[in-house]
Amino acid sequence: MAKAFYAVGFWIRETGQALDRLGCRLQGNYFFHEQISRHRTLMNIFDKAPHVHKEAFVAPSASLIGDVEVGQGSSIWYGCVLRGDANNVQVGSGTNIQDNSVVHVAKSNLSGKVFPTIIGDNVTVGHSAVLQGCTVEDEAFVGMGATLLDGVVVEKHGMVAAGALVRQNTRIPCGEVWGGNPAKFLRKLTDEEIAFIAESAANYSNLAKAHAVENAKSLEKIDFEKVLRKKFAHQDDEHDSMLSVTREVPPELAPPSPTPAQ
């Protein structure tokens, strides 16, 4: 039954767009053309469809295409692209792929090998990272702007520094930090840094829940909350005025007192 409703809804929306195009043509040179976005957060390709756990968060501006699987409690943030058209992309549980990151797969390369992209549990992938046909094991960390090429393996508790370029078939051992272009071993992780990896994943998992709630709100509810905020803000100002209340500035925010002239 759900599939039937989905199909009917799809054809109604397609019909609406077709009618809009027809109306524009009939108006000739006088029409106002408002481009309708065809962005789809989840998109099939060939016979492959994304599968997202019901308790995962996928931002509305992200794109999951083809053979992509996202596990429980994971979050795919704004502007991300996970494209599983030539192979599969797997994201485990409790993992966060941060804003504007790209995750793709390798169908062919110089070595002739085919690589999916597999990301384990409780992994953090920083903003604008690029992962191509690689494996990132549980509780590993990929810094902002890092690039991982075909065949790379980041072992559990491994860390790739921000901006690093990890060349093909490189293996980053457990508990090591690699950085640079090309990436090389820098040092061992401390116990505090290893604990931070799990903490970072948990923090993003909790933050994703708040974003999921906000994105699920209807336009009517958003407008209603705006009205309430304005109303209560106005009432607070009136209440302070009636009581002659002066809100004090915290000492740390107060400007320094001028020095008396000599």
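**Pocket.** I looked up which element gives the most to the lining of the largest pocket: α1 does, with six residues. This is a predicted model, and I read every entry below as such. α1 spans 2-27, and β1 (42-43) also supplies at least two residues of the lining. I noted a volume of about 480 Å³ for this pocket. The lining holds 15 residues, and those closest to the pocket centre are Y6, F10, R13, E14 and R40. I then sorted the lining by class. Six residues are nonpolar, five are polar and four are charged.

**Sheet.** I traced the open sheet next. Its eight strands run in the order β3-β5-β7-β10-β13-β16-β19-β20, with mixed pairing. β3 (57-58) and β20 (184-188) stand at the edges with a single partner strand each, so one side of each has no neighbour in the sheet. I checked one pair inside that order. β13 (residues 141-142) and β16 (residues 159-160) run parallel and are joined by two bridges. Here V142 stands opposite V160 of β16.

**Core.** I turned to the largest nonpolar core, which has 33 residues. I76, L82, L131, V136 and L148 touch the most other members. The elements giving two or more residues to this core are β4 (63-70) and β6 (81-91). In soluble globular proteins, nonpolar side chains tend to be buried together.

**L131.** I listed the contacts of L131, leaving out residues up to four places away in sequence. L131 touches V102, V103, H104, T117, I119, V125, V136, V142 and L148. V136 and L148 were already on my list of core residues that touch the most other members.

Methods. Residues are numbered from 1 along each chain as its sequence is written. This is a predicted model: local features need pLDDT of at least 70, side-chain atom pairs count only at pLDDT 80 or more; totals for chains, interfaces and linings use all residues. Side-chain values use heavy atoms; hydrogens and water are left out. Two strands pair if DSSP finds at least two bridges between them. Helices (H or I, at least four residues) and strands (E, at least two) are DSSP runs, numbered from the N terminus. On a 1 Å grid over the protein atoms alone, a cavity is a set of points where a 1.4 Å probe fits but cannot get out, and a pocket is an open set with protein on both sides within 12 Å along at least five of seven lines; lining residues have an atom within 4 Å of a point. Grid points are joined across faces, edges and corners, and a volume is the space filled by probe spheres set on the points. Ala, Val, Leu, Ile, Met, Phe, Trp, Tyr, Cys and Pro count as nonpolar, Asp, Glu, Lys and Arg as charged, and the others, Gly among them, as polar. A nonpolar core is a set of buried Ala, Val, Leu, Ile, Met, Phe, Trp, Tyr and Cys residues joined through side-chain atoms within 4.5 Å. Buried means under 20% relative accessible area, exposed over 50%, partly exposed in between (1.4 Å probe, protein chains only). Contact means heavy atoms within 4.5 Å.
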